[in-house]
Every structure is written in structure tokens, then in C-alpha cells.
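Please consult the sequence and structure shown below alongside the text.

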Amino acid sequence: MDKKHIIINIGRQFGSGGKAVAKIIGEKLSIPVYDNELISKAAEDSGFSHELFLRSDEKRNIFSLYSFFSSPAYELTRNSIGDNELFRIQGDTIRSIAEKESAIFVGRCSNYILRDMDCLDVFLTAPLEQRTARIMERENLSHDEAEKYVLQKEKTRKTYYDYFTFGNWGNASEYDVCMDTSALGIERTAEVILGIAKLKWNLD
């Protein structure tokens with residue numbers, strides 16, 4: 001396979017299997033997938049603890065920094081960090097990775113952050129009932145608990161994306177490809193996206 005600079009951004013409804021799809025594509029193309037790993041990288045780059053980014057991941061909040069600085073060497077000049085600063089740090093991390101290497105980014109407004117780069121932007125969805133069933137199995141929850149959890153996460157992701165991008169999360173016009181993972185299943189959905197990527201970048 002030719003060595004090309006490949007950037008794929010995958011937005012997803014909660015429970016649609018977006019990370020699983022990304023992992024398959026990453027394995028097929030031999031390129032890294034950044035999801036939770038991105039949080040660790042952002043924390044490392046900024047000097048803040050991993051916990052701060054984990055607790056604010058794709059959510060809008062303000063946290064006290066007294067318990068989040070990862071090193072006492074940092075001089076605390078204020079006691080809180082806002083959403084915009086966290087987003088900027090994580091956005092800088094995404095861009096830094098994307099400029100250096102091929103990568104697949106899962107969520108975190110990466111399609112917006114890298115909007116000036118040559119990327120394949122994908123959004124994955126699935127019916128609520130199927131997403132609820134996946135979360136029931138994964139988190140060992142009842143149907144009602146899982147459905148409530150899915151809807152809460154959905155609202156949180158939309159609020160996060162819409163606030164920082166001035167866009168509309170899940171709107172087809174913001175992506176190159178939108179797919180329902182329930183139509184073909186996780187593996188075949190990944191195969192379709194992989195096929196599109198090969199056509200886009202003329203991969204063998």
C-alpha cells in the first residue's frame with residue numbers, strides 16, 4: 001500500500017459502534033486510532049492531569065485546578081480552567097498529530113478542528129433501540145437505564161459539538177459520509193468506509 005497521509009474523522013451517536021469501526025479501519029490501514037488516547041496526549045502536552053481531560057471529555061464544564069495539576073512545579077495563577085481552554089489544548093493536540101502522521105480521530109470535533117486539511121469526515125448512527133441494546137450488554141444495565149444513559153450522552157455530545165463548532169452535530173452537510181451501522185453491521189460498515197478511503201487517496 002502506498003504511503004499516503006490519511007486523516008479520517010469519525011463522529012458517532014453514542015452506542016453506534018464508532019470506536020469499533022475506527023479500530024477495524026485503523027488495523028486495515030496500519031494507522032493509529034485516537035479516542036481516549038487523545039485525552040492522555042492532551043494532558044501530557046499541556047501539563048494538566050489526565051483526570052481533568054477525562055472528566056471534561058466531550059462535555060462543557062469548569063473545574064477547579066487545585067487537584068488537577070499533575071506537577072507541583074506548575075505555578076497556579078488562577079483556580080479554574082474553562083471549556084474554551086480545554087478545547088483549545090485538545091484541538092492543538094489533534095492538529096499536531098494530524099500534521100505529523102496518518103490517523104483516525106474518533107469524536108472530539110476533529111472534523112471541525114481539521115476542516116482546512118484533506119480529511120475523510122464520517123458520521124455513524126444507528127436506531128435508538130439497537131444502541132440501547134449495545135449499551136445494555138456493554139455496561140450491564142437494564143433497558144431503561146441504558147436508554148436513559150444513551151440519551152444523556154447524546155445530548156451532551158450534541159451540546160459540546162454545536163457549542164464549539166457553531167455547527168449542527170450529526171447534520172449530513174457537515175460530513176462526507178453518513179452511515180447507519182445497523183444496516184451492514186460493524187465490520188461491513190468499516191469495509192465500506194475503508195473502500196471510500198482507498199478511492200480518495202488512491203490506495204492499492
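The model is predicted, with a mean pLDDT of 86 for the protein and 83% of its residues at 70 or more. A total of eleven salt bridges is present in the structure; several of them are described below by location.

**Confidence**
- Over residues 61-80, pLDDT stays under 50.
- For this stretch, the model has 39 contacts beyond four places in sequence.

**Salt bridges within a helix**
- In helix α4 (residues 83-100), Arg95 and Glu99 lie four residues apart, about one turn of the helix.
- Arg95 and Glu99 form a salt bridge in which the closest N and O atoms are 3.8 Å apart.
- Glu99 is exposed, with a relative accessible area of 51%, whereas Arg95 is partly exposed at 23%.
- In helix α7, Lys158 and Asp162 are four residues apart and therefore separated by about one helical turn.
- The side chains of Lys158 and Asp162 form a salt bridge with an N to O distance of 2.8 Å.
- Lys158 is partly exposed, its relative accessible area being 32%.

**Salt bridge between helices**
- A salt bridge joins the side chains of Arg131 and Glu154 at 3.2 Å, N to O.
- Because Arg131 belongs to helix α6 (residues 128-139) and Glu154 to helix α7 (residues 143-165), the pair ties together parts that are 23 residues apart in sequence.
- Both Arg131 and Glu154 are buried.

**Salt-bridge network**
- A network of salt bridges links Lys19, Asp35 and Arg108.

Key: Residues are numbered from 1 along each chain as its sequence is written. This is a predicted model: local features need pLDDT of at least 70, side-chain atom pairs count only at pLDDT 80 or more; totals for chains, interfaces and linings use all residues. Side-chain values use heavy atoms; hydrogens and water are left out. pLDDT is the predictor's confidence in each residue, from 0 to 100. Contact means heavy atoms within 4.5 Å. A salt bridge is a side-chain nitrogen of Lys or Arg within 4 Å of a carboxyl oxygen of Asp or Glu. Helices (H or I, at least four residues) and strands (E, at least two) are DSSP runs, numbered from the N terminus. Buried means under 20% relative accessible area, exposed over 50%, partly exposed in between (1.4 Å probe, protein chains only).
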